[in-house]
Amino acid sequence: MEIKLEQPTHDVISVCLLAGQIMLQSGAETYRVEDTMSRIAASFGFNNSNSYVTPTGIIFQLDRAGSAQLIQIVKRTTDLRKVVAVNGISRQLSSGEISVMEALTMLHQVDIEAHAFSIGFQIMAASIASGCFTIMFQGGWLDFIPGMICGGLGYSAFVYFHRLVKVKFFAELVAAFLIGIVSFILTSAGIGQSLDKIIIGSVMPLVPGLLITNAVRDLMAGHLVSGLSRGAEAFLTAFAIGTGIAVVFTIF
């Protein structure tokens, strides 16, 4: 027998799923996504909602009498500004400041917004961070500029190849390989002294710090599937970076 959802109930489900989708795509932890969806449902009187969240999908049931709905998560990035925005909307719903339709409109607006920082700004930030990491890992000040150059070029390559080929592993491997090549060329030309420090500092913007953190927090919260899958993704990223650098050292 098919259960027909009333419009208000359908709207609540839409708000919960969209909020969870935005948060998961933007780098939020699994337990935080489930908690936000449950709080939104509870603010409308549905205290028995059920959700099952993994990095690649969300299954949500508003109440035990209704059917469950599934949405697939295809792309994942890091945009904590959207996570904060969704949390703010959730709090407004819980306090009764906005209606379900207002929340749905606000969530759609958050969803279609571009990344908080442009690609050019991200590349510039990665370049500066690479130079600073080079100094932090006990490189000399003569290694600061080479670290900036290698880090900026490596992150640019990562962005370009990730758009060209939707395989993150390949983009990270090529970026790490380019960092190794450029670092070797610069130090061979006398621009920079410590090859290892320049490489280490330059690959830091590619290191999956948020993935590792979320994997540990999910495991500690009891979300074993999500924790292990995020940990596996972080391992693949680290393996891609290591492979790209190892190929350079093998060639030269």
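Leu70 is exposed, with a relative accessible area of 63%, where exposed stands for over 50% relative accessible area, buried for under 20% and partly exposed for the range in between, as found with a 1.4 Å probe and protein chains only. The place of this residue is in strand E3, strands being DSSP runs of E with at least two residues and helices runs of H or I with at least four, both numbered from the N terminus. Apart from its neighbours within four places in sequence, Leu70 is in contact with Ile58 and Ile59, a contact being a case of heavy atoms within 4.5 Å. Between the C-alpha atoms of Leu70 and Val53, which stand 17 residues apart along the chain, the separation is 9.8 Å.

The structure is a predicted model, in which local features need pLDDT of at least 70 and side-chain atom pairs count only at pLDDT 80 or more, while totals for chains, interfaces and linings use all residues. Residues are numbered from 1 along each chain as its sequence is written, and side-chain values use heavy atoms, with hydrogens and water left out.

The secondary structure of the protein consists of ten helices and three strands, which follow one another along the sequence in the pattern α-α-β-β-β-α-α-α-α-α-α-α-α. The C-alpha trace spans about 75 × 30 × 30 Å along its principal axes. Of the 252 residues, 42% count as buried, and the protein exposes about 13200 Å², of which carbon and sulfur atoms supply 65%; these accessible areas come from the Shrake-Rupley method with a 1.4 Å probe, and for residues only the protein chains shown count as cover. Among contacts between residues at least 6 apart in sequence, 63% join residues at least 24 apart.

The largest pocket holds about 1800 Å³ of space. A pocket is here an open set of points on a 1 Å grid over the protein atoms alone, where a 1.4 Å probe fits, with protein on both sides within 12 Å along at least five of seven lines, and lining residues have an atom within 4 Å of a point; grid points are joined across faces, edges and corners, and the volume is the space filled by probe spheres set on the points. The lining of the largest pocket comprises 48 residues, of which Arg76, Thr77, Thr78, Tyr155 and Phe158 are the closest to its centre. Two or more lining residues come from each of helices H1 (7-25), H3 (80-94), H5 (119-136), H6 (144-164), H7 (168-188), H9 (209-220) and H10 (224-251), and H5 gives the most, with seven residues. By residue class the lining divides into 23 nonpolar, twelve polar and 13 charged residues, where Ala, Val, Leu, Ile, Met, Phe, Trp, Tyr, Cys and Pro count as nonpolar, Asp, Glu, Lys and Arg as charged, and the others, Gly among them, as polar.

A search of the whole structure finds nine salt bridges, each defined by a side-chain nitrogen of Lys or Arg within 4 Å of a carboxyl oxygen of Asp or Glu. One of them joins the side chains of Glu233 and Arg76, at 3.4 Å from N to O. Glu233 lies in helix H10 and Arg76 in the loop between strand E3 (69-72) and H3, so this pair ties together parts that are 157 residues apart in sequence. Arg76 is partly exposed, with a relative accessible area of 35%. In another salt bridge, the closest N and O atoms of Arg81 and Glu113 are 2.9 Å apart; because Arg81 lies in helix H3 and Glu113 in the loop between helix H4 (100-112) and H5, the pair ties together parts that are 32 residues apart in sequence. Arg81 is partly exposed at 34% relative accessibility, and Glu113 is partly exposed at 29%. Salt bridges also link Glu29, Arg32 and Arg217 in a network.

Within helix H2 (residues 30-43), Asp35 and Arg39 lie four residues apart, about one turn of the helix, and their side chains meet in a salt bridge at 2.8 Å, N to O. Asp35 is partly exposed, at 35% relative accessibility. Thr36, also placed in helix H2, counts as buried at 3% relative accessibility, and its contacts, neighbours within four places in sequence left aside, are with Met23, Val86, Asn87 and Ser90.

Most residues other than glycine have a negative phi. Gln138, in the loop between H5 and H6, has a positive phi near 70 degrees and is exposed, with a relative accessible area of 69%.
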